[in-house]
There are 2 protein chains.
Amino acid sequence: MAASAVPADPAAVIPAEARALFREGLATPTAGWSAGFTQANLIIVPRAQAFDVLLFATRNPKACPILGVLDAGETSGPLLAGGDIRSDVGRYTVYENGVLVAEPTDLADWWRPDLVTFIVGCSFTFEAALQEAGIAIAHIEQGTNVPMYRTNVRCAPAGALSGPLVVSMRPIPADRVADAVRITSHYPAVHGAPVHVGDPAALGIDLDRPDFGDAVVVRPGEVPVFWACGVTPQAAVMESRPTLAIGHAPGHMLITDARDSDYLVSPA
Amino acid sequence: MAASAVPADPAAVIPAEARALFREGLATPTAGWSAGFTQANLIIVPRAQAFDVLLFATRNPKACPILGVLDAGETSGPLLAGGDIRSDVGRYTVYENGVLVAEPTDLADWWRPDLVTFIVGCSFTFEAALQEAGIAIAHIEQGTNVPMYRTNVRCAPAGALSGPLVVSMRPIPADRVADAVRITSHYPAVHGAPVHVGDPAALGIDLDRPDFGDAVVVRPGEVPVFWACGVTPQAAVMESRPTLAIGHAPGHMLITDARDSDYLVSPA
């Protein structure tokens, strides 16, 4: 199918329209699309591995916040009303036995009726809240992908699944660190408060060498702040080498009908 | 084994000691035991049913807040350090094909290596916080079990599991309802804010006829306030009639090493 063009103002495109564009073949990173609506990570595994994935998420909720699950036989749900998980993401990653074998724009050649889809929260939600509070996000200003690092912290294992905690890093001015902690703590469903502030060496991290995404400069007066990252469950699933596992391509998120404000826990 | 005596001051007994007493055969309701420590519901099913139970909990988090999971082959974990889930609850309920067949004080005759244990939050945690705020709890003052009702609200189904939302009810003075909402909203891991305030008929409830527990009087000036109840997952599991399912006997909770304060989400 012919790929659609990127719309002039992606922020104004509602989620159902965005998913329709991706369904028609558009494949482009989704940062900045559908302002106010929640974007999500995907991890799709056969039913035989699904309990381990859901238990891993339950035991590591900051890294793996589950926003929704499509059980075997389900290809849509309330987070993508009228949509189809097999086509509504711009680009997917397909792993066989832990090896990346394809990056298709739909799953027509890969779908099986026993596949279970996990829709996992993404830090895009709290980045918008940080920006609204006047806290600049370095990788957004630079137009790059957030830097992500494998840490020396192990997640709680679940069955066949184990792996390192993966974190994302954002440099925050020292006098706004407390604000960044407070604001993100109100979004526990999308990674919540930071897991670590400053001292990258304690996590076994070299800031100049991200494992995923792009390095950003930490300027004088800024502190590197680390949040649990939604890549964590994908990293663990890949390590366990299931016969088949599917994710979204980096930056090509599922745009859901949920609003970022749905995940705000009000400090009543 | 000879049953131990109830200690003189159960509130002062630490969780590990409480579990040791139950392991030795004591069987008594745990309300008021181990002050400040978190008590929990149990639901234990074969691994073949475990994904459905965990997915049901994920889709109905207010009714089924998962505090911990012991996977197949695990009989202890960080919530019951040094303990044994097969013996450390005072009294269990055993269901075969959805029918109650035994209420043993340990699971020696019933345990199988494929059983998975779900440890589910309990409203005891937020009741203590309400009392600390000067809000009296009627069923505690009367020394009875909290009244619980099957509602006309259906839970989100998960695989073979479906069932009604079960709620607990506490009469709250009209001028403290807002406080009760605010306080319990800070404990999302143990049912959180009420699901319904006033108007029992809208839930299909006759206050005088609880489905579980004991009726309490709603006095003039008080409003019936309804919270999602940890009996909900047990009710759904029973309806699905697995070959074997095990719970705790009503009021005979698992006393964990977690503190109630661990589940307080601070309104920072």
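Across the interface of chain A and chain B, the rule picks up four salt bridges, a salt bridge being a side-chain nitrogen of Lys or Arg within 4 Å of a carboxyl oxygen of Asp or Glu. The model is a predicted one, so local features need pLDDT of at least 70 and side-chain atom pairs count only at pLDDT 80 or more, while totals for chains, interfaces and linings use all residues. Residues are numbered from 1 along each chain as its sequence is written, chains are lettered from A in the order in which they are written, and side-chain values use heavy atoms, with hydrogens and water left out.

Back to the interface. Arg59(A) and Glu74(B) pair through their side chains in a salt bridge, at 3.1 Å from N to O. Chain A puts 20 residues into the contact and chain B puts in 20 residues, where contact means heavy atoms within 4.5 Å. About 1600 Å² is buried between chain A and chain B, with 61% of that coming from carbon and sulfur atoms; buried area here is the accessible area (1.4 Å probe) that two parts lose on being put together, summed over both.

Over all chains, the search turns up 24 salt bridges. One joins the side chains of Arg23(A) and Asp88(A), at 2.7 Å from N to O. Arg23(A) sits in helix 1 (residues 15–23) of chain A and Asp88(A) in the loop between strand 2 (66–70) and strand 3 (92–96) of chain A, so this pair ties together parts 65 residues apart in sequence. Helices (H or I, at least four residues) and strands (E, at least two) are DSSP runs, numbered from the N terminus.

Next, helix packing in chain A. Helix 3 (residues 124–132) and helix 5 (residues 177–185) of chain A have axes that come within 10 Å and cross at roughly 135 degrees; axes are lines fitted to C-alpha atoms, for helices over the stretch in contact, and angles run from 0 to 180 degrees between N-to-C directions. The two helices of chain A are therefore oblique to each other, the class left once angles under 35 degrees (roughly parallel), over 145 (roughly antiparallel) and 65 to 115 (roughly perpendicular) are taken out. Phe126(A), Ala129(A) and Leu130(A) of helix 3 meet Ala180(A), Ile183(A) and Thr184(A) of helix 5.

In chain B, helix 3 (residues 124–132) and helix 5 (residues 177–185) pack at about 135 degrees, with axes 10 Å apart. That makes helix 3 of chain B oblique to helix 5 of chain B. Phe126(B), Ala129(B) and Leu130(B) of helix 3 make the contact with Ala180(B), Ile183(B) and Thr184(B) of helix 5.
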